[in-house]
There are 2 protein chains.
Amino acid sequence: MCQLLGMNCNTPTDIVFSFEGFRRRAGLTDYHSDGFGIAFFEGRGVRVFRDNRAAAESPIADCVKQYKIKSLNVIAHIRKATQGEVNIENTHPFIREIWGENWVFAHNGNLKSLPDMSESFCQPIGSTDSEAAFCYMSEFLKNRFRRKPTEKEIFESVQIITKQLAEYGTFNFILSNGEWMIAHCSTNLHYLTRKAPFGKAHRIDDDGVIDFNDYAKAGDKVTIITTSPLTKDENWTKMENGGFVFFKDGEKVIEIIGTVKDMEDDGTLGNRRVA
Amino acid sequence: MCQLLGMNCNTPTDIVFSFEGFRRRAGLTDYHSDGFGIAFFEGRGVRVFRDNRAAAESPIADCVKQYKIKSLNVIAHIRKATQGEVNIENTHPFIREIWGENWVFAHNGNLKSLPDMSESFCQPIGSTDSEAAFCYMSEFLKNRFRRKPTEKEIFESVQIITKQLAEYGTFNFILSNGEWMIAHCSTNLHYLTRKAPFGKAHRIDDDGVIDFNDYAKAGDKVTIITTSPLTKDENWTKMENGGFVFFKDGEKVIEIIGTVKDMEDDGTLGNRRVA
């Protein structure tokens with residue numbers, strides 16, 4: 001299995017405090033040492049850093065730390081290989097172009113006997129179940145809509161295809177197009193939104209402490225999504241199994257538990273903020 | 001306009017000697033300062049580093065230098081923007097999945113009034129003519145073959161679509177799937193193959209000197225492709241305008257001048273080595 005980390009914000013934010021705890025789980029505080037990757041949205045573009053070495057000791061991860069890239073949407077992954085060798089092409093997050101956007105996807109879980117995709121328009125490059133599932137999702141979405149549909153249609157469609165894919169096994173994932181972030185919990189995924197009044201946080205994986213008052217402005221909102229909580233003194237929410245959350249501008253817009261329902265018809269999800 | 005750098009080898013090779021001269025053209029010895037990118041194939045995977053800062057002064061480029069990644073196929077690009085803003089999504093090289101492989105593409109030139117791709121399966125993310133042309137090429141290739149065809153069919157198909165695209169303007173490019181590298185010269189592209197007996201080389205853009213005898217083994221073959229020669233004491237070949245060269249395992253396999261012709265029928269290009 002693996003661990004996931006996502007960040008969705010309303011102001012460009014440096015993920016280093018969270019990433020420094022997270023990367024320790026790749027060999028120091030946990031065993032997710034089979035490579036790592038981190039993708040930073042920057043406008044419509046993505047910077048991605050990958051290594052087949054453990055994140056805890058990778059010079060690429062050191063470079064990420066030093067560079068302190070600020071972004072509205074970040075997805076990172078530390079790998080414990082289940083299917084596929086330890087190499088760059090099997091390293092999450094995976095990226096595909098959908099409707100002229102970069103879509104970034106990272107998965108925690110294990111899917112068995114996925115459909116053959118060897119003649120699909122979107123084919124996996126590596127040998128992971130995760131990339132194959134993301135390609136299956138991409139093909140479904142592109143065939144369903146030739147041009148980018150509304151957020152509501154996207155979120156509904158992601159739920160439909162996810163439920164098909166989840167029949168093949170465990171399918172926790174984080175997905176982003178740089179505007180929003182969708183989290184799906186099959187078995188284990190947590191999130192937390194930081195906003196005013198800000199406080200201190202202590203990392204679980206080492207002695208790192210931060211006082212967000214030193215960094216954040218009054219209106220800042222930052223949501224962190226991760227497999228297992230990263231701090232010991234904040235109020236993490238465990239997602240419902242089978243649930244979906246749509247995050248935008250740093251906070252939860254809508255949460256779906258169980259079935260596809262209960263959304264507005266105005267084409268956006270903007271009026272369904274429940275955070 | 002921009003400048004291109006490609007490397008195709010028969011043994012994993014460190015591109016730093018060439019890249020260090022090349023990156024100086026991004027602000028020091030020339031004006032290609034509108035961002036840079038470099039993609040390293042590693043098996044079927046790709047590591048890509050991009051920055052919207054000039055390569056000469058980018059900390060991301062410093063990271064590339066320090067890490068000394070060895071690869072069989074590398075494509076780099078320093079940008080002087082003609083179409084599209086200076087940002088990450090407009091930074092070459094561009095990457096798309098074709099037949100379950102990473103294809104990496106960088107362009108030097110300017111294409112005007114390309115066909116609309118807003119309902120294509122493969123759509124551009126940024127606003128450059130270059131990425132749009134690469135998407136047009138990807139769509140053509142995927143529609144022509146559902147599964148990966150022979151090298152001969154790939155090379156012929158790339159020539160066909162290139163000739164269509166070259167009608168829109170200047171279209172020098174380097175393209176690789178990690179196994180081979182195709183170079184097309186519309187107006188300006190040079191290459192050079194280093195193999196035994198190895199000698200010294202002096203960089204044009206600074207005082208850098210290398211003796212390849214200190215690094216290379218007897219059977220090593222390394223081809224460097226670039227817009228403008230990088231060393232002053234080696235024998236660079238200027239490609240013919242309108243010409244294509246297919247490189248594999250570090251050397252030229254076949255060169256096409258003018259029309260699509262003169263290839264073998266055995267499905268590979270392996271018996272047409274002319275280097």
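Guide: A residue is called buried when its relative accessible area is under 20%, exposed when that value is over 50%, and partly exposed in between. Note that this is a predicted model.

Visitor: Why is A:E101 called buried?
Guide: The relative accessible area of A:E101 is 6%. The cut-off for buried is under 20%, so A:E101 is buried.

Visitor: What makes A:K148 partly exposed rather than buried?
Guide: A:K148 has 35% relative accessibility.

Visitor: Why are A:K148 and A:E101 called a salt bridge?
Guide: The rule asks for a side-chain nitrogen of Lys or Arg within 4 Å of a carboxyl oxygen of Asp or Glu. In A:K148 and A:E101 the closest N and O atoms are 2.5 Å apart, so the pair meets the rule. The pair links distant parts of the chain, 47 residues apart: A:K148 is in the loop between α3 (129-144) and α4 (151-165) of chain A, and A:E101 is in strand β6 (residues 101-111).

Visitor: How many salt bridges are there over all chains?
Guide: There are 39. Among the residues involved, A:E20, A:R23, A:D62 and A:K65 are linked in a network.

Visitor: What makes B:K252 and B:E255 a salt bridge, and how is each of them classed?
Guide: Their side chains meet at 2.8 Å, N to O, and the limit is 4 Å. B:K252, at 13% relative accessibility, counts as buried, whereas B:E255, at 25%, counts as partly exposed.

Visitor: Which salt bridge joins B:E119 to the other chain?
Guide: B:E119 pairs with A:R147, with the closest N and O atoms 2.7 Å apart. This pair crosses between chains, from the loop between β6 and α3 of chain B to the loop between α3 and α4 of chain A.

Visitor: How many salt bridges does the rule find across the interface of chain B and chain A?
Guide: It finds four. In chain B, β3 (45-51), α2 (59-67), β5 (94-98), β6 (101-111) and α3 (129-144) each supply at least two residues of the side that touches chain A. The largest share, seven residues, comes from β3(B). By class, this side of chain B divides into 13 nonpolar, nine polar and 15 charged residues.

Visitor: What is the area buried between chain B and chain A?
Guide: About 3,400 Å², of which carbon and sulfur atoms give 53%. On the chain B side, B:F121, B:I125 and B:R146 lose the most area, together 24% of what that side buries.

Visitor: What makes the relation of the chains that of a two-fold axis?
Guide: Chain B can be laid on chain A by a turn of 180° and a shift of 0.0 Å along the axis, with an RMSD of 0.0 Å. That is therefore the relation of a two-fold axis. The same surface serves both copies, as 100% of the contact residues of chain B recur in chain A.

Visitor: Why is helix α1 of chain B called largely enclosed?
Guide: Eight of the nine residues of α1 (residues 16-24) are buried, so the helix is largely enclosed by the rest of the structure. Among the buried residues are B:F17, B:F19 and B:F22.

Key: Residues numbered from 1 in each chain as written. Chains lettered and ligands numbered in written order. Predicted model: local features only at pLDDT ≥ 70, side-chain atom pairs only at ≥ 80, totals over all residues. Heavy atoms only, no water. Buried area = accessible area lost by both parts, 1.4 Å probe. Helix = DSSP H or I, 4+ residues; strand = E, 2+ residues; numbered from the N terminus. Nonpolar A, V, L, I, M, F, W, Y, C, P; charged D, E, K, R; others polar. Least-squares fit on C-alpha atoms with pLDDT ≥ 70 in both. Contact = heavy atoms within 4.5 Å. Buried < 20%, exposed > 50% of the residue type's maximum accessible area, 1.4 Å probe, protein only.
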